[in-house]
Amino acid sequence: MLQERVKSVSPARAVAWRALLKGGDAAGALDRESRAAHLDPRDRRLATELAHGTLKRRRSLEWALQKQLRRPFAELDRGLQWALLLGAYQLLYLDRVPAHSAVNESVALARAGGHAGTAAVANAILRKLALARVYPPKPEVDDPPSALGLYASLPDWLAEHFIERFGFGSALQIADAINATPRRALRVDTDAAPAGGKYGIPECLIVEDGIADERQIIQSEESQLAVHLLAPKPGETILDACAGRGVKTGMIAARLGGKGTIYAIDDDERKLEHVRRLAAKSPTPIVVMRADAKEPYPDAVPQEVDAALVDAPCSGIGIIGRRADARWRKKADDPIRFSSIQQAILERAAERVAPRGRLLYATCSTHPAEDEDVVANFLTHNPEWSATSLASWAAKTESARALGPYLLTVPGVDGNDGFFYALLEKKRDDG
């Protein structure tokens, strides 16, 4: 019945509305709805923009809609809520959508999810908003973090974190940047195309829009930078302690060029299936093992490897611009919760690195509890290790910062993901 009722609405808006209504994994719901509706690429891009933009701006949009309402927004029917939020997003944040289209199609969605009275409410509210065009005020430096949270549509604790970590001016830049469409980067076959990006990574190609073929992997510059800093060389044995789906594993394999071995560990069997498919096609041997990286490793992992990558599980604060609903799912205590896990993983990986070997610790978080605090604690208890300075990398882009010997990229700004990197070296064993 619902499918029949939304037939009068443009396919992209209907798909976005249904995906938002289903909630949960926004990207998954959008993908399933897009496939079911057989959207062409143009409509799929519009549906993605509408759903992701509405989710990101939800707090600001609710504030603007509440200004037009006499009763609490939260008391409205869910179908009406999402129809209003979709309409408000188009009215306030999309320049290319005519106001009459934003209002009329959202009213049709409200009617599909309710009745004539529901549609009348949507029509009245959105027409008032189209005239009023109210936005949350831009915060001033002395305002509390909640003012930035409202302006940027962030939970207050995240707004407070960005101000404390980067200062008010940069936090304002971050707030604007993470609500824009994120930039895409590909990792390419270096024989196929010139590349480089802002860090000079040979495999990195920045694209405005494009589809990856088998020689191109979608992988952000900051993700590629982790492997670039580890600098795997042909003939080396490399440990990838948190392989995940193997995106960085694949880049390491390409750098080894068939000479050397990778030991790829993860505790998620579904993710390891991707790594196994990669291993089957790779000229570089990749030994794939299911194991908890916090616990003692399987015997098959060599006692001494030349280098290890610890791309640690984290809160993901640095990539909230890429994941539309992430800011609403994360909790203020996530960084502290992850830090003990990260500490244990780092300790285990370090045990398998040979003297004079190296270890790259990285997270996609900007929180100190997951970043320099973890590494500082590790170095305090493991004096045979020292940090190699990455400070010179901060000069390659204004949106990267040196934290002592470590490197932190500022999320959103200059197309960045927010990543932390620490390159550690194990001292020579003179004993």
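Colleague: Which residue lies over the face of Trp393?

Modeller: This is a predicted model, in which local features need pLDDT of at least 70, side-chain atom pairs count only at pLDDT 80 or more, and totals for chains, interfaces and linings use all residues. Residues are numbered from 1 along each chain as its sequence is written, and side-chain values use heavy atoms, with hydrogens and water left out. A charge sits over a ring if NZ of Lys or CZ of Arg is within 6 Å of the ring centre and within 35 degrees of the ring normal. At 4.8 Å from the ring centre of Trp393, the residue over its face is Lys396.

Colleague: Is the pair of Phe162 and Phe166 stacked, edge-to-face or tilted?

Modeller: Rings of Phe, Tyr and Trp (its six-membered ring) pair if their centres lie within 6.5 Å, and planes under 30 degrees apart count as stacked, over 60 as edge-to-face and the rest as tilted. The whole structure holds seven aromatic pairs. For Phe162 and Phe166 the centres are 6.4 Å apart and the planes stand at 35°, so the pair is tilted.

Colleague: Are Phe162 and Phe166 buried or exposed?

Modeller: Buried means under 20% relative accessible area, exposed over 50% and partly exposed in between, with a 1.4 Å probe and protein chains only. By that rule, Phe162 and Phe166 are both buried.
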